[in-house]
Amino acid sequence: MSNRLNPHKMLGEIAPTSGLRRLNRLAPLKASTVSVVARVNPHNEYRARLRRELRQADVVHRQTVSAQSRKPLHVVADSAPLAFVIGLGVEAWAGAEAELLGTAREILPESAIALVSLGKINCTPSEDGADRLIEGPAGLEEHNFDALLALVDEYKPQHLIFAEGGHSSDLARRYVARTKAEAAFNVVQVRAGQVTCLIDGGKREFTRKVPPVIALSRIACAKLDAEMLYEARPLALPEIAATDAAFKDAGVRVASARDLPLSEAELVVSAGAGLTDWDSFHAVAEGLSAAVAGSRVVCDAGSLPRSRQVGASGQIIESRCYLAFGISGAPQHLQGIQACRHVIAVNTDPHAPMMKRADLAIVADAQAVLKEMQLLLNKGGAA
Amino acid sequence: MKICVCLSIGQNPVSGRPRMAASDRVALELALASGADVTGVYAGPKSDVLTDYLGMGLKQVHHIDSARADIVPLLVEFIRSGSFDLVLTGTVTEAGLSSGMVPYLLAEELSLPLISRVVGIDARAGLTITQAEAGGKRRMRTGAGAAILVVDAKAVQPRLSTVAAQRAGEVITHPVVSDLPQLPELTSQPARKRSTRLKAGSGQAKAAAPIHTNLSAAEAAQTILDFLQAEGHVPALQSITSRQER
Amino acid sequence: MHASLAGGVLASLVVLSVSFALPPNIWSASAVWFFCALSFVGLCLEFDRRRNVAKGLSKGAYQTLPWLFSAALLFIVGISTARLMNGPEALILALAAATCGLFGLGGLAVMAGNGPMRHIVAGVTNLALHRRPERFGRGRSTGLKAFDLERAPLGVAKVEDFTIAQLASFDACVQCGRCEVECPAYAAGLPLNPKKLVNDLAESLRGKGAVSYGGNGYPGADRLPDALPLIFADGHVSLNPDTLWSCTTCRACVEACPMMIEHVDAIIDIRRAETMQRGLVAPHARKALENLRETDTQGGQELGARFDWATDLNLKVIAPDVPAQTLLWVGESAYERRIQRTLRSLIKMLRRAGIEPVVLGSEELDCGDVARRLGDEATFQRLAKANIATLSRYRFDYIVTADPHALHVLRNEYPALGGTFTVRHHTDVLAELMEAGRLGKAARIETSVTYHDPCYLGRYNGEFDAPRKILGAISQNFIEMEKSRSRSHCCGGGGAAPLTDVQGERRIPDMRMQQVEESGAACVAVGCPGCTAMLEGVTNSNVKVIDVAELLEASLEAAQ
């Protein structure tokens with residue numbers, strides 16, 4: 001095996017923490033200048049890594065652009081043990097498919113990783129780490145199960161890797177219940193050949209050798225850095241003995257922005273006091289397929305129902321992105337959005353606490369911006 | 001319609017006090033709200049928490065006094081002996097292995113179809129089950145016959161357990177006679193706190209969070225939409241130019 | 001007016017009856033006329049009162065009362081005069097008087113059945129069977145009465161579940177409307193009207209339409225949500241649960257009621273059935289109750305973390321065999337940053353005076369006030385019994401607390417469950433220390449400051465003066481609001497109202513802050529963590545909200 005494939009081997013047989021290997025992949029030319037530390041405290045290492053990566057960001061960017069055409073191809077023999085990474089049409093979380101592939105490679109460095117995609121492919125298999133690719137039809141959980149059984153029967157993979165979340169969790173457990181395969185669920189940390197699982201309602205954990213079936217939590221996953229290309233060689237889909245689902249699909253209903261429960265919305269558009277143009281506010285929310293929310297003052301005034309109130313005395317939400325229009329950000333309100341990944345704030349006051357919290361803060365009149373967004377959304381997206 | 005709800009004993013995450021498992025309560029609430037004849041079953045050591053379940057409006061909770069034995073065969077036997085139309089469970093237990101496998105094993109042993117992420121049961125005209133899908137969508141499933149339903153933990157807000165109902169219901173204990181296979185003890189440690197792993201290139205995104213001033217409303221709107229697209233929050237609005245790979 | 005009219009009529013009727021036993025004579029007639037004259041005075045006043053009906057006073061059947069009384073008076077005068085006369089004129093007069101009597105006394109008698117006059121009998125019954133006789137002699141009885149969880153029913157699920165005394169009290173209502181005028185929820189447009197509620201309860205017992213109600217309805221009655229099923233739905237009158245949950249238990253209605261009706265007791269009794277039988281409470285209230293059941297705190301916090309904010313203060317935890325003087329009870333608010341400042345000030349000043357307070361540490365459970373006001377008597381009694389058992393293991397002179405809700409529960413409601421302790425409010429202790437000179441010199445603060453009397457300290461426990469002593473000593477410009485002392489306007493934080501969160505036209509704390517601003521004060525001093533939180537939560541106000549302890553500390557520091 002050349003050093004390019006397993007750069008960590010250059011540094012001797014030190015059991016690497018996952019981050020250290022990342023660093024090497026980011027800047028393979030600089031690998032030799034990195035000091036070798038075994039068993040680093042992951043929190044210190046995280047911060048140190050962040051500093052290093054920020055410093056090397058420029059280098060990486062330039063390198064990636066020029067290296068695109070010169071990327072080596074990772075080839076794996078047909079005799080290598082096969083591992084399925086199960087990807088479903090709707091990902092368990094944004095970017096799950098790519099992250100599963102990357103993490104699968106970490107756990108099973110010797111295996112051929114096959115992406116089994118039942119439904120839309122949500123990643124770039126050749127860049128994200130798929131040695132093989134099997135595409136199957138999207139369907140209900142019961143149909144996915146039939147397809148999986150047929151695939152396992154045909155290709156007999158040694159390992160199956162699922163995501164914990166949504167349809168994927170369900171499929172993993174159906175499979176284990178049927179085949180009685182040994183499984184590790186709620187995996188929160190991985191290394192080569194080992195996984196750490198949570199038990200006891202998340203209060204305890206234990207580490208074990210990798211079993212045939214693994215279900216990975218979001219926390220355990222990270223995707224590869226595109227420093228090499230992968231074959232993504234297509235494999236044929238076998239005959240699937242489809243059985244009728246006992247409960248037929250009677251259709252999917254999409255909730256409108258006003259009805260979409262805040263606890264399930266991935267995108268939330270929120271109004272503060274002073275917003276008067278409710279038409280454009282609701283239109284923007286519909287256009288973004290987001291749920292509507294408001295501050296306490298807005299709900300007190302009756303402009304939005306109390307169930308739409310975000311904050312300590314309203315709802316605490318965990319959406320991926322929160323757009324705050326004209327909200328100053330009282331402490332109780334900020335408490336409600338603590339768990340939101342990204343916050344966008346539009347306010348005329350640059351010193352409002354919400355602006356500090358925001359990942360994207362714009363000093364402008366919220367009303368006017370909403371109107372402009374409505375126009376852009378009507379035109380069908382950014383030009 | 002007769003519904004059986006499988007119950008477990010949960011733990012308050014702060015105080016550690018035994019309590020009704022949150023997702024089991026949601027399953028019980030769905031069952032009670034459907035208007036069916038609901039029975040609760042629990043396999044395990046004796047617990048006062050069973051009275052709390054009665055307090056939600058259950059007339060009976062069957063307690064299979066099994067100490068630390070594997071509960072799946074015991075539940076299978078109980079469900080087989082009653083003629084239930086639906087069996088409801090929560091998503092995962094708050095104590096024990098917490099693998100979420102119990103309903104799937106029950107479905108396999110009983111040869112019943114299983115539907116997960118259930119948020120609604122409508123038995124007024126035939127049987128319609130509502131499932132939660134990503135992004136707040138809902139999928140309806142119609143059918144007939146018995147099934148195992150795994151209820152989504154956020155389906156509904158469960159009702160309060162009341163003193164009056166606690167006194168009106170009863171816990172029926174079934175002592176288990178034979179020697180049962182005990183589940184193996186696992187050596188485990190307290191779980192460590194972990195945060196999401198650093199993603200490639202995210203160091204760059206975190207570095208700059210400036211406040212944009214002097215933007216016109218139109219520019220501001222465009223900036224917001226660009227940000228949403230870049231972070232993948234609005235897949236429906238994928239712009240023509242493909243995302244930059246960092 | 002009531003005395004002269006009613007008393008006069010009664011007295012003249014009695015004398016008239018007695019005079020029938022005697023031969024007709026001018027003396028007995030004069031006696032009758034004397035009392036009639038007395039009644040006439042009252043009658044004039046009653047007519048005047050009914051012409052310009054005061055706010056809150058009922059109209060309807062009550063407007064006919066002066067006419068009925070007039071007819072009754074005419075009857076009495078007529079008959080007594082006719083007795084002195086002879087001949088056909090006497091007969092005509094007697095007949096005319098009898099007609100008036102039929103109309104007047106007959107009408108009043110009918111009104112005594114289901115109408116406004118039934119308060120005569122009911123009022124007497126209410127006073128005779130009153131559960132709080134201490135109130136008659138200007139005493140105070142505000143703690144909720146002991147409740148036996150073993151006996152059914154658990155609370156009032158149908159109106160017949162009330163006690164006889166309570167049912168009589170509802171009939172005793174004369175619809176004067178003073179409770180309605182004083183009620184902060186009514187003023188804010190929440191769907192609660194204490195006067196209508198009492199009469200609805202009376203009607204619920206007697207039958208639909210049986211009670212002539214001439215007053216105002218519930219604010220916003222037409223837009224009440226159907227979130228929860230109606231209360232007493234199968235009975236004659238159904239109530240929307242929001243009417244019950246709007247109440248902040250401030251007791252302004254009870255204080256104002258001339259007939260000694262206990263509105264708050266009735267509301268809590270109905271809440272008990274709602275919570276312990278039907279299990280129907282607002283979502284935030286349900287979460288708080290579940291937290292209390294699972295963690296013994298309202299917010300689902302760790303008991304051991306209650307004093308985390310005070311690590312640097314090195315507070316001593318009370319020990320079993322070591323008697324202590326002052327036990328500090330901090331309550332749920334110790335988990336909130338804002339109130340921790342108040343507590344720090346209090347501890348600093350106690351230490352300055354040479355007092356070392358001890359605490360219960362992780363053994364302090366929630367006092368149970370919120371559970372009890374929500375109607376969850378089972379959770380309240382569990383917490384109370386546990387706290388009493390804990391406190392009984394130690395020896396201390398008194399408990400001091402900055403939370404009037406804890407004060408009220410520990411002082412007035414724990415004794416019924418076996419725990420009697422001396423409990424003092426922190427302003428009471430600080431005032432005593434200040435007057436004894438143990439706190440040192442205090443500077444006079446220039447900012448204009450007013451004091452907001454907490455309901456649970458003022459109306460509930462009669463403690464108005466200690467905070468004023470402190471403020472009087474440290475403030476150059478102390479302003480007394482119009483609605484102060486026992487007429488203080490609630491902040492809206494009691495009775496678990498912030499958890500039940502019923503919508504009205506305005507918010508109760510907003511109204512109180514407006515009153516503060518109208519008084520001209522730049523700063524409002526409070527003595528309760530609930531009041532602090534509610535008043536600080538008012539947006540668009542520049543008035544500073546500060547606890548008396550914090551103000552005192554600032555003044556002491558300024559003097560150094």
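I'll start with chain C, where four strands form an open sheet in the order S7-S6-S8-S9, with parallel pairing. Strands S7 (478–479) and S9 (544–547) of chain C are at the edges with a single partner strand each, so one side of each has no neighbour in the sheet. Strands here are DSSP runs of E of at least two residues, helices are runs of H or I of at least four residues, and both are numbered from the N terminus. Two strands count as paired if DSSP finds at least two bridges between them.

Before going on, the conventions. This is a predicted model, in which local features need pLDDT of at least 70, side-chain atom pairs count only at pLDDT 80 or more, and totals for chains, interfaces and linings use all residues. Residues are numbered from 1 along each chain as its sequence is written, and chains are lettered from A and ligands numbered from 1 in the order in which they are written.

Back to the sheet. S6 of chain C, residues 449–451, pairs with S7(C) in the parallel sense over two bridges. Val449(C) has Phe478(C) in S7(C) as its bridge partner.

Next, the domains. Chain C has domain 1 (2–113), domain 2 (123–278), domain 3 (292–432) and domain 4 (433–558); the bounds come from an automatic or database domain assignment. The C-alpha centres of domain 2 and domain 4 of chain C are 29 Å apart. Their contact takes 21 residues from domain 2 of chain C and 19 residues from domain 4 of chain C, where contact means C-beta atoms, placed from the backbone, within 7 Å. On the domain 2 side of chain C, the elements giving two or more residues are helices H8 (184–187), H10 (241–245) and H11 (252–256). H8(C) gives the largest share of that side, three residues. By type, the residues on that side are eleven nonpolar, six polar and four charged. Nonpolar here is Ala, Val, Leu, Ile, Met, Phe, Trp, Tyr, Cys and Pro; charged is Asp, Glu, Lys and Arg; the others, Gly among them, are polar.

Helix H12 of chain C, residues 263–278, has 16 residues and should span 22 Å at 1.5 Å a residue; its end C-alpha atoms are 22 Å apart, which agrees. The expected span is 1.5 Å times one less than the number of residues. Of the 16 residues of H12(C), 15 are buried, so the helix is largely enclosed by the rest of the structure. Buried means 20 or more other C-beta atoms within 10 Å of the residue's own, with C-beta atoms placed from the backbone. After H12(C) comes Gly279(C), with a positive phi near 65 degrees.

Now chain B. Its contact with chain C takes twelve residues from chain B and 15 residues from chain C. The chain B side divides into four nonpolar, five polar and three charged residues.

In strand S8 of chain B, residues 127–132, five of the six residues are buried, so the strand is largely enclosed by the rest of the structure. S7(B), residues 114–122, pairs with S8(B) in the antiparallel sense over four bridges, and Ile121(B) has Ile129(B) as its bridge partner. These two strands form a hairpin with four residues between them, and Gly126(B) in the turn has a positive phi of about 70 degrees. S8(B) also runs antiparallel to S9(B), residues 138–143, joined by six bridges. There, Gln131(B) stands opposite Arg139(B). S8(B) and S9(B) form a hairpin with five residues between them, with Gly135(B) in the turn at a positive phi of about 70 degrees.

Last, chain A. Its secondary structure comes to eleven helices and 17 strands, and 45% of its 383 residues are buried.

How values were computed: Two residues are in contact if their C-beta atoms, placed from the backbone, lie within 7 Å. A residue is buried if 20 or more other C-beta atoms lie within 10 Å of its own, exposed if 12 or fewer, and partly exposed in between; C-beta atoms are placed from the backbone.
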